[in-house]
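Please work through the exercises below with the sequence and the model side by side, trying each task before reading its solution.

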Amino acid sequence: MILGVLLFSSCDLEDADSLNGLSTDAISSNLSRAELPQAISGILSDMRVGLATQIDVQSIFGREYYFFTGSDPRFEADVVTANLDNNTFYTTTPWNARYATIRNINLALQGLTNTTADFSNQEIAAIRGVLNTLLAHELLMVNNNQFSNGIRIDVADPDNLGPFVNETEALTEIFSLLEAGATDLAAAGDSFPFPLSSGYDGFDTPAGFLQFNRGLTARVEAYRGNYPNVITLLNNSFMDMGGDLRTGVYHTFSLTGADLPNPLFIALNQTASVRVSHPSFTDDAEAGDTRLDKVVLRNMPITFSELTGTHDVFIYQSNVDNVPIMRNEELILLFAEANMATNGTAAIDAINVIRNAAGLANYTGGTSAQELEDEILFQRRYSLFGESHRWVDVRRFNRLNELPNDRTTDNVPEAVPVPFNENQ
Amino acid sequence: MKQTLFRKVLFIFMFFSSLAIFAQENLTGTVVDNQGIPLPGVSIVVKGTTTGTQTDFDGKFQLEVNALPVVLVFSSLGYETKEQQISNNSPINIALAESATGLDEVVVTGLATSIKRKNAANAVATVSSAELAEVTPPQTLDGALSGKVVGTLINSNSGSPGGGFSVRLRGLTSIFGNNQPLYIVDGVYISNISVASSGLNTVSAAAGGGNPSSQDNATNRIADINPNDIANIEILKGASAAAIYGSRGAAGVIIITTKKGKQGKTKVNVSQSLGYNEIINPQGVRNFTEATFDPVDDAADLAAFIAARDAGRLIDYEDVIFGNKGFISNTNVSISGGGEKTSFFAGLSRETENGIVRNTGIDRSNIRLNIDHRFNDNIKVSLSGNYINSSADRGFFNNDNSGTTIGVALTATRPFDDLFPDANGNFPDHPNNSSNPLQTIELFTNNERVNRFIIGGNIEATLFRTDRQNLRFVGRAGTDFFSQVATVIFPQELQFQRLDQGGVNGVSAVTTTNNRNSNYAGFLVHNYTTENNLSFTTQAGLTNEQFSQNTVGVVTTDLIGSQTNVDQGANVSTNQFRLLQEDFGFFAQEEFNYQDKILATIGIRGDKSTNNGDANEFFYYPKGSAAVNLHNFDFWNDNSFVNRFKPRVAYGEAGTFAVFGSLFTLLNSSLIDGNVGVVVPGTQGNPSIQPERNKELEIGFDAGFFNDKLSLTFTYYNKEAEDFLITAQVPGSSGFVAQQQNGGDFENRGIEISLGANVLDTEDFSWDATFNWFRNRSEVTRLNVPTFNLGGFGNSLGQFQIEEGRSVTQIVGTTGPGTPVSVLGDTEPDFQLTWQNNFRYKDFTLSFLWHWKQGGDNINLTQLLSDFGGTSADFDDFDFDPNINNGTFRINNGLFAGNAAPFVEDASYLRLREVGLKYSIPNSLLESWFGNIVSDVNIGVSGRNLINIFDYNSYDPEVSNFGGNGLSQGVEVTPFPSSKRLLFTLSAQF
C-alpha cells in the first residue's frame, strides 16, 4: 500500500499539448511578423478550396456547361433540375469553403488588432487593406450563390454569429469593406510586408492591389446598379482598353506538396468525368468567334441521362493553369454596361474592343439601352464563359427564364438554399 | 467496512508468522477424470476456509487440516465442481465429471479477481476455443465472434482479405467517440486502430482534400490476433460489467485469454486446412440487345456491341473481376506441456488466403510463447509473447469521385467493352470510364505490412495465508507494439495516371505507423471468510496506460519511369499524425458472498487522462451488483423441475474519451505558389470537452431446468450515454463545419435471451443446441444542439440524423422535390436470432450456426451507380411499371425525383455462418496403426457463410463504406464483395 500511495502521488499527468499543428489562438492573439506571410498565404490558398464545386454549379445553373461524372450523378440531377437540398455538397461546399477563408481573414484581422510586433502604421494599413479586400471578395462569392436567401456578414466571433442580411444589405456591406480597404491601401506605402502569390503579379504593391480593389468595387456597384460610380471606379482600376484582356488577378495552382492542382482541368475526350458545353454555346455563337476555342469538339458526343454534349470545355489546358479572379476583359464589359443607358458610343466602343479581340467585326446592332444590354450580355457570355458570371448576369437582368432547359424535369434556380446547419 | 478492515488488520498481525501451526490431520488422495486419467492442477480447498492445495502431475495431492470431519471442494476449469465430506484420513479417490453447462467456468469481476459464472451478477458472455475456431477456421478473431455472442452486432465492412469488422455490444455506445470494445489479451491492452493508407484517396477523391479517410477501408488491427491461440473469450458488454475499466470501458471489453500449457506429457498439435473462397452473390450482367441502344445517340456503342456479339466476345466482367476462387491455407502447430513448476504453450501459425479479386490476399504468420512458472506455493509468474507478421493486399474499392476504384469502374463496364491486354500486356483504355479495372487490378498495389509484438507479464504473490483469509499481490505489465507500412502504388501506365488522360503520371505512397500501447497495474486482493461462511473479497489497485501513435504518410506523384520510391517523383507531399495519451486510474472493489446464496459487489474506478481538458481531474465510475442463488436456500425444493434460479441486478458507469486532439483548434498547413500557409481546420476544438459517461442497468435471471438439461438466461438492460460526444455540425458561416461537443443523452434498451438445451446425451449420440435472441432499441433523449445529419451522401441519397426523441441510427432523406426529410429506415435490426447446434454420433461431430438478422436498413448506392452506368442486371425488366424499365424507373423515381427512399433497403439476412463436419479417428484404431505416437486425429470439412438468404440488391447486406467505427455503418458504395469459404481440415496430436 505504501508503494501504491507513492505511485499514486507521483502520477501527476501533464496537460496535453497540441501535437499535430499550430493552434488558431497563436494567430488571433498576436500576429507576429513571421506568422503574417503564413496567414496571408493560407488565405490565398484557402480561396481555392471548393472552387470547382462553386464554378461547376454556377456554370450548370447558367447553362454554360454540364458536368457529367459517373461518381456523382447529382450534377446531372439536383443541380440541373433545381431540386436543391440544403444539406448536400452543391449547397454546403461553396458556403463552407468561403466562410472558412473568411475565418482565416478574421483570425488575421484579430491578430493584427492584438499584435505586439513592430509593424509600422503603413504596414498595418497594407495588411488591413489587403485583408478587407479579400474578405469582401469572399463575401461577394457567397452572396452570388445565395442571392435572395441572404448571407451572414458579421462572423468575426464563431460562437456568436451575426444575423442574416438580405442581398441588398449584403452588397452595401461588401461595398463598405472595399471602400475601407481602398482607404487603407492608399495609405499603405510602397510595398507589402508579405509576399503574394504569382497570381497577383503586377498587383503586389499597395498601389497595384488598390487597382484590383477598385475593379472589384466596380463589379459590386454594377450589381447594385450604381453605374456612374462604376465608371469612376473603373477609371481607378486596372481597366485597359488597349491592354491584354487576360491581365488580372488569378488563383494559381501547382502539383507541389500540399499545393492544389487546378480542379477545373479535364483532359479532352474523357468518358467518365467530363465537362461539356451546353449545345447553345456553340449554336448561338457568331461565326468566327475565336472565343469558341474555349471548347473543343469531342471525338464522339457524350450523353448522360438524356443530356448530350458535343464539345469538351477546355478553358484550362493543364492541371496547373491559373483560374481568374478578375480580368481586364470583365472590366471593359462592365464599362460598356455602365455606359449603355447614358453613353451609347462609349458602350459600343468598349463592346468593339471585346468583339475585335474575339476576331469579330464591330457591333452593328441597335443602340437602344435594351439592345445594348442584349449585346453586352451576349459578349459577357462568351468572354467570361465558365468563370461564374452568366447565371449571376441573367439573374440581375431578370432573364433567368431565358436559359434553356433540355429535359422536362429541368429548371434554373434563382438562389442556392441556406445551408441546413445555419439553423435558419 | 471499518470494522471489517480493522479485523482484517488484526488477522494479518495475528497469523502472519503462524501459518500451518494448527495442522493435525494429513489427508492424501488422487483426482481422476471420468476415464480414470489423473488430473493435474485440480484445486482442493477446505470448504469455508482458504486452506488448500493442488494436485500434482499424477493427480495426487496431500493436505493438512486442523480436524476432521471437513468438507473438501474439488474444482478445475472445465470440470464440475465436487464437494466431498471427509471423516477419516484414509486415501481419497475422486473422479470429476466434465462440465457441460459452463456454470463452473470463471468470469472476471474485478481487475484481479474472478468468480464462478453461477455466482456472477452480470450476464458475461464467454466464447470458448471450441466455439471460436474449431467448427471452421476463421479469418479473423472479430469475424469469428459473429453470431456467437448474444447482444452483439458484428458487421463485416467489406470482403477484402485481411478483415475489417465492427463490433457493437448492446447497440451504439457513442456517436462520434469510440464504438469498438476494448480488447485485452492476457492483460495487455491491444490496439484495434485502423490506419488509412495515404495515396488511395489522392486517386479516388472519395473524401475531399486528398487525405487518407475512413472510406479507404483499412484493416482494423485486432485482425492480427490468431484465433487458434485463444483459450477463452469473455465479453463484458456494457458499463455494468466494465465499469472497472473506467474511461475505456463504455463500449464493452473483450477479454481474451490465450492457451496455456498444462502439467503432463508434452503434446504437439498439428492442423492443416486447405480450401477456397468465392463470391457469395454475384449481381449478374445486363442483357444487352440491339434494342438497348438508341441508333442515333448511341451509334458508336451499338456498333461496338454488334461487333462484339458477332465475334462471340460479350464478356461477363463481373465474373472476370470477382470470379477468382481464392486459395486458402491455414497451418497451425502448437506444442504444450510442462512440469511441476513450469508449463508452456508455443503456437506457430501461417495463414495464406487469396481474395476473389486477383492480386488481393493475405499472408499472416504468428508465433506465440506462453510460460507459466511457480516459484513456490506463494509466487507464480506468467509471461506471454506474441509476434505477428502480416501482409495484406486489399484491392481498391468503395466510394470514389474519379471513376478509378475497381467497383465504380465495373458499374460503367458493358459486356462489349474490350478491356483485355494485347499480347505485349498493353491494356486498352476503357471506352466508357476513366479507368480500366483489369489494368488497375493487374498493375496497382495497396499493401499493408505489419510487424507486431505483444508481450505481457503477470505476477501473483500470496503475501500471507491463514485458514480464513489471505492476501495476494497481483502485478501486471504489457506492451503492444506494431509497425505498419502501407504501400500504395498507381504506376504511370494506368489509364487514369497518363498525362494525356489528365493524370498525374503515377502515384506512389508510403504510410508508416508506429503504435505502442503500454499498461501497468498493481493490485492487492484480500480474501476473508467468516465462520458462518460469509466471504469478503477486497481488492484495490492502480493502473496506468500509455498510448502513442505516429503515422507519417508520403505521397509522390509524377514518378520517374517505373520507380516507386517516394523520392523518385516530381511532387512530394507529406502528412503526419501523432497521438500521445496517458491515463492513470485507481480501482477498489468489495465482493460479498454469503454461502453462495447472496452475492454482492460494489466498486469504484477513478480515472484521469491527458485527453481531458484538465489532465488531473479525476472522473469516477461506480458499480454495484447483487445476485441471489435462490436454489441454494433451504426452502428451495430440490426436486423442483427448476433446479437453479438466480435473479440478478447490476449497475455500472463507464466512460468514453473524446477523440484525441478534441481540445484544440489546430491550423492545417497549406501551400500556394511555394509559400507555406496556415488555414483553419474543418473542426473547431473545445477546451471544455469531457468524457461521455455510460450508465448501464442490467437486470435478469439465470435458470436451470430438469437438472440443467435446459438453461435459460434472460437479461434486460438500459444503457444510457450521458453527455455523448459529438462532432456537432456548426453553422458553416463560423468558418468551421463541426465542433467537438458534449451533445446530449441517448439510451439503448435491449433484451437478451439465451436458451441452451442438452437435448440428448447418450454414449453414441448427443445433441446440444443454443438459441440466442436479442434486440436493441435506442433513443436520443436529450440533444443540446439542433438536429443534425451525418454519415451519408446527403438527403437525396439518404443519411443519418440525430434528432431528439428518435432512434440514434435512423436513416432520413427526402422523398421528392422540395419535400421535408422523413425517416426512411434504421440500421438497428428488429432482432437477431442465432441457433447453434452440435451433434455427435459416435466419432462424427456436426456443428452448425445459423444467424438470422431481421431488419435493419442499409443505404445501398451500388445499385444506383449500376443503374447510372446502365449495367444493372435487371435494367431491362419491368418490375415497377409496365412501360418503364427498372433502370430508368429507379433513376427517374429515385435520383431525379429527389427521392432517397429507393436507396434505403432492408438488410435482413439469414445465413449459415458456420458449419463443420468432423470425423475423429478412434484412438484405439490409431494405436493399432501408429502405436502411441499419434492420437486425436480429426478429419473435417467446414464452411463459413455457405448459405445466405437475403433480399438485398447487392453483394451482401453486411457492408460499410465508412469502416467500422462511428455511426455510419451500412452505407454501401461498390465494396469489395464478400465471399464464402469452404475448407478441409486435418488435425492430429503427437
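Two exercises follow, each with a worked solution.

This is a predicted model, in which local features need pLDDT of at least 70 and side-chain atom pairs count only at pLDDT 80 or more, while totals for chains, interfaces and linings use all residues. Residues are numbered from 1 along each chain as its sequence is written, and chains are lettered from A in the order in which they are written.

**Exercise 1.** Describe the contact between chain A and chain B, and the side that chain B gives to it.

Solution. Begin with the count: 79 residues of chain A and 80 residues of chain B take part, where two residues are in contact if their C-beta atoms, placed from the backbone, lie within 7 Å.

**Exercise 2.** Work out how helix 10 and helix 12 of chain A are placed against each other.

Solution. First take the axes, lines fitted to C-alpha atoms over the stretch in contact, with angles running from 0 to 180 degrees between N-to-C directions. The axes of helix 10 (residues 227-235) and helix 12 (residues 328-339) of chain A come within 9 Å and cross at roughly 145 degrees. Then list the residues that make the contact: helix 10 of chain A gives A:Y227, A:V230, A:I231 and A:L234, and helix 12 of chain A gives A:L331, A:L334, A:F335, A:A338 and A:N339. Finally, sort them by class, which gives 8 nonpolar, 1 polar and no charged residues, counting Ala, Val, Leu, Ile, Met, Phe, Trp, Tyr, Cys and Pro as nonpolar, Asp, Glu, Lys and Arg as charged, and the others, Gly among them, as polar.

Terms used. Helix = DSSP H or I, 4+ residues; strand = E, 2+ residues; numbered from the N terminus.
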